[in-house]
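Have the sequence and the 3D view open as you read.

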Amino acid sequence: MTRYPLDTPEIVDALGRGLRSADYTSEGIERLLGEQASQSLVGGVWWPALRATRRADPDDAALATLIRLFLLGSTEPADDVAVALPTVGVADLLDQQVIETADDGVRALLDIRPHGSDAADYLVVADQDASMRPGPVRHDHVLGIGGASMSLAQAVIRTPFRRALDLGTGCGVQALHMSGHCKQIVATDTNRRALALAAATARLNGLDWDLREGSLFEPVAGERFDLIVSNPPFVVGTGAQDYIYRDSGMVGDGISRSLIEQIGDHLNPGGIAQILANWVVRDVDAWDERVRAWVESTGLDAWVVQRELADPISYVSLWVSDAGESVTDAAERGARWLDWFDEQGVVGIGMGSITFRKPIGDRPADVVIEEITAAGQEVTGFEAQSWWARRDFLRESSDADLLASRLSTSPVFLETQSLPGADGWQQVSAAVTRPGGPGAVLPVDEVLTALLAGCRGQVPLAALIALLADFHGVDADALAQAAMPSIREAIARGILYRAD
């Protein structure tokens, strides 16, 4: 019978006490390393952090040892580790597969690191990644905190929910964040090692999750949730399952399709689901074709945002380098992968997020599918929640309602583009942008620019349009009718909001 790390609760508790006693926290580590070395470490440059630990005050010797051991992949003298973690002891750490003997000391098998959120400072347990250890990662390797997991965590709506599901929990990053606003959390995974490390993560942080083994919705058959979050093994490939953390075992983008098509059956009315997904693209001019068909079949409200369209070589290069394989093995695997893409007519892979909502009552689904690639326009929980609120407001408001409303313009930038001409600079386009708003960009002309400037929440929209119509010598009703699509788009993007 396979034994997994940290399977003894008492040892997990003792390890947690030892780590916190040494101030092994986000604040403690940043204090010791300093701001610049800390930022370098976040960016993947480790040697300034190693230098800082070597120069640490003797009172921080235990913390410095733990940073080198768990965050920098260093081999440390066993006696130093024993001093740093007196609550556990080296023998127990070896037995619990937290460390292993190496050269003249010990080195970490697990990545144990603090992770701060708005709610608390947590400890997260995962496997050491390929950059920290020689050779390829394990078949059942458990990823730690990464770019994908953090982008999803930032996108999740953080209002209180009663019952939540973290599908494909891995080491438990999403479940940790949900613990701050969800009463009950079910977390699933097909990887038993992942469930073991998620259990350790939960216990280190004094949390209680319902952990279940199984694929997709099998472990929760017949159950419904108020919030579903998933960062699944979405990598598009041949169907081989070389590494569980990235490969679902389903051909192509089958995991994303299956997840999307089943998710509505497990949401309560009004429930939210937020997932990361990849999808095959066979025509870049119709990149949304496959994901649109899946989403529209669900009957759910959906906001699909493609953040990147990767070409096959870039996509394969990213994933073959991720596992720590030798150059030869990576080259061979990459070649086979690209051959399969060619056979399937794959010209790109869409990468993005989807926010679902299950409608209450009998009404058509509200589906928006768009590409938003600009930096600083990532989907956040606040923006996702505001998105649905604005969509609801627009659906419930007639044009007459909007004309009677007092609207205000959010803080925006007016950006113009001009070309030199015979009479000086000639403006060719203009747009307003709401900073931080995903896709919050609205093309404007002279009239719409003036209208937005006048929306200060003081007079009804109809009165502003009447003033503009009089100034330009046009019919007010005709101007209102022409402007209304842009007004609605401005409200949908948070550029305009109702002030009354």
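Start with Glu 76, which counts as buried at 2% relative accessibility (buried is under 20% relative accessible area, exposed over 50%, and partly exposed in between, using a 1.4 Å probe and protein chains only). Its partner is Arg 68, with 3.1 Å between the closest N and O atoms of their salt bridge. Arg 68 is buried too, at 7%. A salt bridge here means a side-chain nitrogen of Lys or Arg within 4 Å of a carboxyl oxygen of Asp or Glu.

A word on ground rules: this is a predicted model, so local features need pLDDT of at least 70 and side-chain atom pairs count only at pLDDT 80 or more, while totals for chains, interfaces and linings use all residues. Residues are numbered from 1 along each chain as its sequence is written, and side-chain values use heavy atoms, with hydrogens and water left out.

Next, look at Asp 111 and Arg 113, whose salt bridge brings the closest N and O atoms to 2.7 Å. Asp 111 is buried at 8%, whereas Arg 113 is partly exposed at 28%.

Asp 392 is buried at 17%, while Arg 395 is partly exposed at 39%. Both belong to a salt-bridge network that also links Asp 301, Arg 357 and Arg 363. Overall, the structure holds 31 salt bridges.
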